[in-house]
Protein chains: 2
Amino acid sequence: MVISADGGQWSEEQPELSLGCRGICGLQIDVKGPETDLHSGQFGGAVLNPIHALVQLLNSMHDSDCRITVPGFYDDILPLSRDERARIAAVPFNESTYKKSVGVSTLFGEKGYTPLERLWVRPTLEVNGIWGGFQGEGSKTVLPSEAHAKITCRLVPDQRPERILRLIASHVERHASPGVKATVHLSDHGSRAYVVPANHPGNQAVSAVLKELYGKEPFRTRMGGTVPVCDMFLRRLNSYSVFLAFSLDDEMVHAPNEFFRISSFRRAQRAYCMLMGMLAKK
Amino acid sequence: MVISADGGQWSEEQPELSLGCRGICGLQIDVKGPETDLHSGQFGGAVLNPIHALVQLLNSMHDSDCRITVPGFYDDILPLSRDERARIAAVPFNESTYKKSVGVSTLFGEKGYTPLERLWVRPTLEVNGIWGGFQGEGSKTVLPSEAHAKITCRLVPDQRPERILRLIASHVERHASPGVKATVHLSDHGSRAYVVPANHPGNQAVSAVLKELYGKEPFRTRMGGTVPVCDMFLRRLNSYSVFLAFSLDDEMVHAPNEFFRISSFRRAQRAYCMLMGMLAKK
């Protein structure tokens, strides 16, 4: 058994037992048009702008219901059972608090699913970065030679990263305008999604620790992010990982000013000591 | 009368008499989503990615025939007369040489018009720059807080820059997703297109100089680019500008490694001396 300190608590007053995480795969699209940057007056109207080609390509990957339109993308996904949906629905989600914490006026995502379902058990295709042409102050009338985008997908059981990347690469090949050359660079740092049974002995021990520590039953959650090593341990060592972790949603993970509360370090020290005792008794 | 040295020669062996240039207007679109960059696993699926919103917005500005879909964009354009089209068609255009010089396999642009028409007498809406999220080596699983694009349009008679900018701003307002805030910053460096009659006395003198210098009649062309001061001189001083200029299409105007041939400096010196003599005789 493996214990992962990567994960989180629901809030400082409410524990959670995380039963899995999404997988991930990534790629970069490089769109090359004319040999060099061109004058947009001299050439604009006759030569395809690689930014336009990239925009069209990226736009072709979602429909207006925020569904991913890459053919085959959803094919291998295990259907969401009624029980699973009920379990997720049992976790309270306050949309207005959530919106306020993120600083947006509207939530957004795949039609037909609740926000927590979209965050935990539905996949995404997200453009993490885009660039091309002139980005400085003022204006430069350039028709650029190149445009680029970085994409990662969050995956759910039983999507395989290698297959998803191949599907996206085929989609790019089929949809790239003939006026440009679109090249796809697949990242080899992919991971499948990971799920651990709620009644795994490790989870029983974690639940008991959390209940004692907070005085409350933990919510049964999933992580939207990815802990690639969990899938690796499961498939290579045949060992489940359980999560006992204390980060909080407002701690700016992977973003500027990331932080971790000192109180969470202290709580984690207690929790891990308690877990060792709990496991020793089993 | 004004003489403009901004313009070009058709080739080193073939002179051209330019009878006008396109206008220009520009703007920047800033799309703001969540308060700060977010973890794409933790938040991906519930929060609209500003890059996606920007991509959708930009994609909504052209249709599959490369026509600009901003409502009203074409409204004020003077219809292209049969004579004008014939005059443009009389200028030889070698598509395969052109494609080779630019380094593209296919030309691209508004359906129903020849490449020279699209370059000279049809407007464009071109994304000159785009940026958002992570652009470095490797991958960063970020759902960015912002995404940006710079746009310029080349305009033709009688489009007015201020009106075109207002139309684009309205289009952005109507098409921006409710999940983000899209702000438009209009540039105040616009210019209308400019046209000068072929039989203007200045053009008669320029034609005579060019004929003597190259031993050939000049092609009657337009410039795809913009010389804003020509429209300003015409409307403020009531003075036409004529073009006597020597740049060549391969000189990377506004692009890396821009250059100008020394032989063109020498030819221009002779041409301007001849023009002074020619005008003195009138």
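The model being a predicted one, local features need a pLDDT of at least 70 and side-chain atom pairs count only at pLDDT 80 or more, whereas totals for chains, interfaces and linings use all residues; side-chain values use heavy atoms, with hydrogens and water left out. Residues are numbered from 1 along each chain as its sequence is written, and chains are lettered from A and ligands numbered from 1 in the order in which they are written.

Over all chains, the structure holds 28 salt bridges, a salt bridge being a side-chain nitrogen of Lys or Arg within 4 Å of a carboxyl oxygen of Asp or Glu. Side chains of opposite charge can pair when their charged atoms come close. One of these salt bridges joins A:Asp65 to A:Lys111, with a distance of 3.9 Å from N to O. This pair links distant parts of the chain, 46 residues apart, since A:Lys111 lies in the loop between α4 and α5 of chain A and A:Asp65 in the loop between α2 and α3 (82–89) of chain A. Helices (H or I, at least four residues) and strands (E, at least two) are DSSP runs numbered from the N terminus.

In chain B, a salt bridge is formed by B:Lys32 and B:Glu146, whose closest N and O atoms are 3.7 Å apart. B:Lys32 lies in strand β3 (residues 23–32) and B:Glu146 in strand β7 (residues 146–155) of chain B, so this pair ties together parts that are 114 residues apart in sequence. B:Lys32 is partly exposed at 29% relative accessibility, and B:Glu146 is likewise partly exposed at 35%. Another salt bridge brings together B:Arg160 and B:Asp76, with 2.9 Å between the closest N and O atoms. Here too the pair links distant parts of the chain, 84 residues apart, with B:Arg160 in the loop between β7 and α6 (161–175) and B:Asp76 in the loop between α2 and α3 (82–89) of chain B. The relative accessibility of B:Arg160 is 33%, which counts as partly exposed, and B:Asp76, with a relative accessible area of 26%, is also partly exposed.

Helix α2 (residues 50–59) of chain B has 8 of its 10 residues buried, so this helix is largely enclosed by the rest of the structure. Among the buried residues are B:Pro50, B:Ile51, B:His52 and B:Leu58. At the start of α2(B), a side-chain oxygen of B:Asn49 comes within 2.8 Å of the backbone nitrogen of B:Ile51.

In chain A, an open sheet is formed by 3 strands in the order β9-β2-β10, with mixed pairing; strands are taken to pair if DSSP finds at least two bridges between them. Its edge strands, β9 (194–195) and β10 (219–223), each pair on one side only. Strand β2 (residues 16–21) of chain A is joined to β9(A) by 2 bridges, and the two run antiparallel; A:Cys21 has A:Tyr194 as its bridge partner in β9(A). In chain B, 3 strands likewise form an open sheet of mixed pairing in the order β9-β2-β10. Strand β2 (residues 16–21) of chain B runs parallel to β10(B), to which it is joined by 4 bridges, and the partner of B:Cys21 in β10(B) is B:Met223.

Between the chains, 73 residues of chain A are in contact (heavy atoms within 4.5 Å) with 73 residues of chain B. The side of chain A that touches chain B receives its largest share from β5(A), with 10 residues, and its residues divide into 30 nonpolar, 33 polar and 10 charged; Ala, Val, Leu, Ile, Met, Phe, Trp, Tyr, Cys and Pro count as nonpolar, Asp, Glu, Lys and Arg as charged, and the others, Gly among them, as polar. Strand β5(A) is also joined by 5 bridges to strand β5 (residues 124–133) of chain B, and these strands run antiparallel. Within this pairing, A:Gly132 has B:Ile130 of β5(B) as its bridge partner.

Note on methods: Buried means under 20% relative accessible area, exposed over 50%, partly exposed in between (1.4 Å probe, protein chains only). A polar contact is a pair of N or O atoms within 3.5 Å; within protein, one must be able to donate a hydrogen and the other to accept it, and residues adjacent in sequence count only if both atoms are side-chain atoms.
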